[in-house]
Amino acid sequence: CGVFGVTGMAEAANFVALGLHALQHRGQEAGGIVSHDLAHGFNSARRFGYVRDNFTKQSLMDTLPGSLAIGHVRYSTAGSKGHAQIRDVQPFFGEFSMGGAAIAHNGNIVNAEALRRELIAAGSIFQSSSDSECIIHLMARSLQRRVVERMQDALRRVDGAFSIVAMTRTKLIGVRDPLGVRPLVLGRLGDGWALSSETCALDIIGAEFVREIEPGEMVVIEDGEVLSHRPFAPQKPRFCIFEHVYFSRPDSILGGRSVYETRRQIGVELAREAPVEADLVCPVPDSGTPAAIGYGQESGIPYAMGIIRNQYMGRTFIEPTEQIRNMGVRLKLNVNRALIRGKRIVLVDDSVVRGTTSIKIREMLLDAGAAAVHFRIASPPTAWPCFYGVDTPEREKLLAASMSEDEMCAHLGVDSLRFISLDGLYRAVGEATGRDNASPQYCDACFSGDYPVAPSDRIAQGFRL
Ligand code: 5GP
Ligand code: SF4
Ligand code: MG
């Protein structure tokens, strides 16, 4: 998901709509905006579909007045999947004795089901199936007087990944979990402030990047001033390494590093680790493009657009049901026949998950007369599900959970298949000596099975580490 908020800007909701539009790659299912103004109090609009199809209409934007607003773009990782419901769309809102608050959450709470049972037993009435709603109920039950302290209380009970943008009548609040699994940045525009999942959304409104919210930090912005709190016991951060590989936009800066440059460097590492004789390096667009450029530069094999993407389709990965995802490949990607015929192709993609995309692309390349298809993957084998906000499927559906690299190569029907090593990936994100196995610098659980926060709900359901 993507979160965005601004304060101290007239018609704040318009800025939020623009920010959410720049974060659309983080969630395409639905979006919502909450604003506050003195005449109407809190105003809210939540809609299915793209930001540009909803939050551009003057009639809707007129219902969101005020100089303080937050928003969310949703992609379902917890709660209802496939049969999405508007009640699961954020921001969520709660009314407390000291006034209301709205929250927008990116990440996934791993003890949400245990908390939900406890809260329902104690009398809470849940409106949605979302893990994020727990935070509102925990805030409602807190004995603290002030909303900020209630939020701190609530978040100390929550395990897992959260980057949150929240608001009261007068405050814009940003929080990151102690590991800092998901990104969150602070920006400035004139006298106003912005909080965003990624820097690309600051760029779109012309805001200047100030700094990242630090892991375990809460910032409270009021009357043009930013106050920093440290509500949690300090821990060594474990940022999601997959944000660098796939999830974030290539024009964003994460941890001081250009995402594009990291991805290009992954391609360079991959060319060193897994060279092959071939005529062309082609990305699976768009997610494989920067790594393919790096592979081409390092290997000297010409880079070419062997597969053309229809720009009017969304990310297949983000469509919630398998049926839509299967259709999606053909609707979205087509082979550039004139280029491919008789050529040995190095095909570069960011990840192999179920393998369904890869098989279709290999078929399309061979149909077009490719002489060989060598598959190179910009991440290590995805063998474990993510419980922190990226929608990887159950273990049984992950190709790498049950197959060796050779078995996957045979299954996909390609001439060779190689993944970047975990150390190679760490080098590409700037860790010169690779992964520190005693105390890893990133979360890489989907590749290593080393979960920095035990997924307690799932373990209770029988998931085995
Ligand atoms: P596959 O066909 O192997 O399931 O999907 C691999 C390709 O689709 C990659 O290009 C990746 O960007 C995208 N993708 C599809 N589904 C998922 C998913 O559930 N998780 C992730 N991480 N990537 C996915
Ligand atoms: Fe990121 Fe993978 Fe960790 Fe999920 S499991 S937070 S996708 S590195
Ligand atoms: Mg892809």
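Predicted model: local features only at pLDDT ≥ 70, side-chain atom pairs only at ≥ 80, totals over all residues.
Student: Is Cys1 buried or exposed?

Tutor: Cys1, which the unreviewed UniProt entry annotates as "active site", lies in the segment before β1 (2-7). Among the residues that Cys1 touches beyond four places in sequence are Arg26, His72, Asn106 and Gly389. A residue counts as buried when 20 or more other C-beta atoms lie within 10 Å of its own. Because Cys1 has 25 other C-beta atoms within 10 Å, the answer is buried.

Student: Why do Ser287, Asp349 and Asp350, which UniProt gives as "binding site", gather at one spot?

Tutor: The "binding site" feature at Ser287, Asp349 and Asp350 comes from an unreviewed UniProt entry. These residues span 64 residues in sequence, yet no two of their C-alpha atoms are more than 6.5 Å apart, so they gather at one spot. Ser287, found in the loop between β17 (280-283) and α10 (289-299), is in contact with Tyr246, Asp349 and Asp350 once its neighbours within four places in sequence are left aside. The value that answers the question is the limit on their C-alpha separations, with no two more than 6.5 Å apart.

Student: How many C-beta neighbours inside 10 Å does Asp349 have?

Tutor: Asp349 is placed in strand β20 (residues 344-349), and its contacts, leaving aside neighbours within four places in sequence, include Val284, Ser287, Ser358 and Ile377. Ser287 counts as buried with 24 C-beta neighbours inside 10 Å. Asp349 also counts as buried, and its number of C-beta neighbours inside 10 Å is 25.

Student: How many charged residues does the shell around ligand 2 have?

Tutor: The residues surrounding ligand 2 include Val181, Cys240, Phe242, Tyr388, Cys443 and Asp444. Helices α8 (241-247) and α17 (445-448) each supply at least two residues of this shell. By class, the shell has 10 nonpolar and no polar residues, and the number of charged residues is 1.

Definitions and conventions
Residues numbered from 1 in each chain as written. Chains lettered and ligands numbered in written order. Near = placed C-beta within 6 Å. Helix = DSSP H or I, 4+ residues; strand = E, 2+ residues; numbered from the N terminus. Nonpolar A, V, L, I, M, F, W, Y, C, P; charged D, E, K, R; others polar. UniProt positions renumbered as here; feature names shortened; annotations may be inferred. Buried ≥ 20, exposed ≤ 12 C-beta atoms within 10 Å, placed from the backbone. Contact = placed C-beta atoms within 7 Å.
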